[in-house]
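Please read the report below alongside the sequence and the model.

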Amino acid sequence: MKTIDSLGDLRGKRVLVRSDFNVPLDGTTITDDGRIRAALPTLTRLRDAGARVVVTAHLGRPKGEPDAKYSLAPVAARLGELLGADVRLAEDVTGPSARATVEALADGDVALLENVRFDARETSKTDAEREELAGELAELADAFVSDGFGVVHRKQASVYDVAKLLPSAAGDLVLREVESLSKATTDPARPYAVVLGGSKVSDKLGVIANLLTKADRLLVGGGMVFTFLAAKGYGVGASLLEEDQVETVKGYLATAEENGVEIVLPTDVVVADRFAADSPHDVVPAEGISEGRMGLDIGPASGAAFAAKLADARTIAWNGPMGVFEFDAFAGGTRTVAQGIVDATANGAFSIVGGGDSAAAVRRLGFDEAGFSHISTGGGASLELLEGKTLPGIQVLED
Ligand code: ADP
Ligand code: MG
């Protein structure tokens, strides 16, 4: 991949940076600024090089038109605090305000364009529409740096098309993400253990299929595990179940057996009466979930067994919480597994955490992020790399 160095002397040059500022908001309060912090190394480096930095990003899911609820104003304010510099926010994406804002930049300044998804062309399936927006973005800059790892799996104007119009490079975050994930996908140190959880098995079918040929052990928890338990013939009560995936999962169990991949499922489950923080709950055997009760976490024996399967691993990838960690009563499995990964990492394993909710769980449960080798900022993008896919936003940066 082309790096920022390949762009040459950037003093006085306008550099368009695609960042991932899709942070969780409560009204206009940013509840987790991890993604903004992750963007700082590249932005600081460009400022230090004397570039005039123009950042483009999206927030939430506006419907292709301006929507005050999704304004990047809170992000501009937080970014300014973190950089210790004024970050001006343009009122539009590529319109008169954007042009004037860029025009007013001095060397080392940073400006932010308004939410790029306020423009429907950003995500258009029609190449010509995306290319038109990309052309307008390109007019605002002399070079492009792609640093929004969370969006590199998207063929979108500000990610993919604009990179074809300007001298382009991968930013430091994208480089670090791709390097880390490659350690797991190409020739991982073995044993290679993968922990999968989260809500839906259908979100992660591709990655499971690919891992059945690559990983040594696959530990499954979270909401998706009930489709696995159903595939083994167990009743799962009112737990999350994707009936239409049961046959596929049966196939996975068979493939795993053929390939000598060990699939580790929970032997006990924390079941609740209802989906609520204060619901009555009990630990029951995995094959004993009664009608009407729902599994919201793996049980303590399973957590310990999962941790034991991680202890001697040399490479670990984790995507998806083991339970509904947002409720304290159902956070135990996720905590035990996270601790197991931290311990294995201290013993020399290379560990990756992918998935927005998994990374949020690490922070919410009070783990030191330094205990993991790499915490990915991109859920979908990291999954697609683990799946072995070629990502458009990465491919376009290759020489
Ligand atoms: P990630 O963002 O890390 O890829 P997902 O988005 O796939 O993870 O899933 C995260 C969500 O899965 C969390 O909000 C969590 O509450 C939910 N979850 C985990 N276990 C269960 C379960 N047993 N039942 C219902 N939801 C679950
Ligand atoms: Mg998620």
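The paragraphs that follow describe the surroundings of the ligand, then the charged pairs, then the aromatic pairs.

This is a predicted model, in which local features need pLDDT of at least 70 and side-chain atom pairs count only at pLDDT 80 or more, while totals for chains, interfaces and linings use all residues. Residues are numbered from 1 along each chain as its sequence is written, chains are lettered from A and ligands numbered from 1 in the order in which they are written, and side-chain values use heavy atoms, with hydrogens and water left out.

**The ligand site**

Around ligand 1 there are 18 residues, of which Lys204, Gly295, Glu326, Asp357 and Ser358 come nearest; a residue is near a molecule if one of its heavy atoms lies within 4 Å of it. Sorted by type, this shell holds 4 nonpolar, 11 polar and 3 charged residues, where Ala, Val, Leu, Ile, Met, Phe, Trp, Tyr, Cys and Pro count as nonpolar, Asp, Glu, Lys and Arg as charged, and the others, Gly among them, as polar. Polar contacts (pairs of N or O atoms within 3.5 Å) include one between an oxygen atom of ligand 1 and an N or O atom in the side chain of Lys204, at 2.9 Å. A nitrogen atom of ligand 1 lies 3.2 Å from a backbone N or O atom of Gly223, and an oxygen atom of the ligand is 2.5 Å from an N or O atom in the side chain of Ser358. Taken alone, ligand 1 exposes 580 Å², and the protein buries 85% of that, the areas coming from the Shrake-Rupley method with a 1.4 Å probe. Two or more residues of the shell are given by each of β14 (294-298) and α12 (356-364), helices (H or I, at least four residues) and strands (E, at least two) being DSSP runs numbered from the N terminus. The largest share, 3 residues, comes from α12.

**Salt bridges**

With a salt bridge taken as a side-chain nitrogen of Lys or Arg within 4 Å of a carboxyl oxygen of Asp or Glu, the count comes to 27. Three of these pairs are listed here.

| Asp142 | Arg14 | 3.1 Å |

Asp142 is partly exposed at 31% relative accessible area, and Arg14 is partly exposed at 25%; buried means under 20%, exposed over 50%, and partly exposed in between (1.4 Å probe, protein chains only).

The pair of Asp161, in helix α5 (residues 157-161), and Arg130, in helix α4, also links distant parts of the chain, 31 residues apart. Asp161 is buried at 3%, and Arg130 is buried, likewise with a value of 3%.

Asp33 is buried at 14%, whereas Arg37 is partly exposed at 45%. Asp33 and Arg37 belong with Arg78 and Glu81 to a network of salt bridges.

**Aromatic pairs**

The whole structure contains 2 aromatic pairs, defined for rings of Phe, Tyr and Trp (its six-membered ring) whose centres lie within 6.5 Å, with planes under 30 degrees apart counted as stacked, over 60 as edge-to-face and the rest as tilted. Phe275 and Phe327 are edge-to-face because their planes stand at 65°, with ring centres 5.4 Å apart. The two lie 52 residues apart, Phe275 in the loop between β12 (268-272) and β13 (281-285) and Phe327 in the loop between β15 (315-319) and α11 (332-346). Phe275 is exposed, with a relative accessible area of 52%. Phe367 and Phe372 also form an edge-to-face pair, 6.3 Å centre to centre with 75° between the planes, and both of these residues are buried.

How values were computed. Polar contact = N/O pair within 3.5 Å; in protein donor to acceptor, adjacent residues only side chain to side chain.
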